[in-house]
Amino acid sequence: LDHYEDSQIGSAVRAIHAGCLGVVQEYLDPQPVLDQTEGENVVIEDDFDPGAVKLTGKVVGDPPFEGILRHQGWQVGKIKLPTLSGRHNAQIIMPAEVEL
């Protein structure tokens, strides 16, 4: 990449990001964890999922908690993965490479 101008790299990356966004939307359909608008006051009830809602700041006591939504979070709306061929191992992210 050192041989290219920043503007050339930026143009290429913009196209790559657009393609990645399309794939993510098609196969995972991201949805917000909380529907409220960032910056709004929200109430977090006592049955909240701590894996889905991260509390920050001065967290003391027991729920319900009231605070300002800083980030809606993201969760998978659906998982629609393509069918793989019979011998394809979906657990391999990048195969090992052996030069002979």
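Where is the place of valine 23? Valine 23 sits in helix α1, residues 6-28. This is a predicted model, where local features need pLDDT of at least 70, side-chain atom pairs count only at pLDDT 80 or more, and totals for chains, interfaces and linings use all residues. Residues are numbered from 1 along each chain as its sequence is written, and side-chain values use heavy atoms, leaving out hydrogens and water.

**View 1. Valine 23 in helix α1.** Helices here are DSSP runs (H or I, at least four residues), as are strands (E, at least two), numbered from the N terminus. Valine 23 is partly exposed at 44% relative accessibility; buried means under 20%, exposed over 50%, and partly exposed in between (1.4 Å probe, protein chains only). From valine 23 to isoleucine 44 it's 21 residues in sequence and 32 Å in space, C-alpha to C-alpha.

**View 2. Phenylalanine 48 meets phenylalanine 65 edge-to-face.** The count of aromatic pairs comes to one. Its ring centres are 6.4 Å apart and the planes stand at 80°, so phenylalanine 48 and phenylalanine 65 are edge-to-face. (Rings of Phe, Tyr and Trp, its six-membered ring, pair with centres within 6.5 Å; planes under 30 degrees apart are stacked, over 60 edge-to-face, the rest tilted.) Phenylalanine 48 is in the loop between β2 and β3 and phenylalanine 65 in strand β3, so the pair ties together parts 17 residues apart in sequence. Phenylalanine 65 is buried at 16% relative accessible area, while phenylalanine 48, at 21%, is partly exposed.

**View 3. Aspartate 47 in its loop.** Look for aspartate 47 between β2 (41-44) and β3 (65-68). Aspartate 47 is exposed, with a relative accessible area of 64%.
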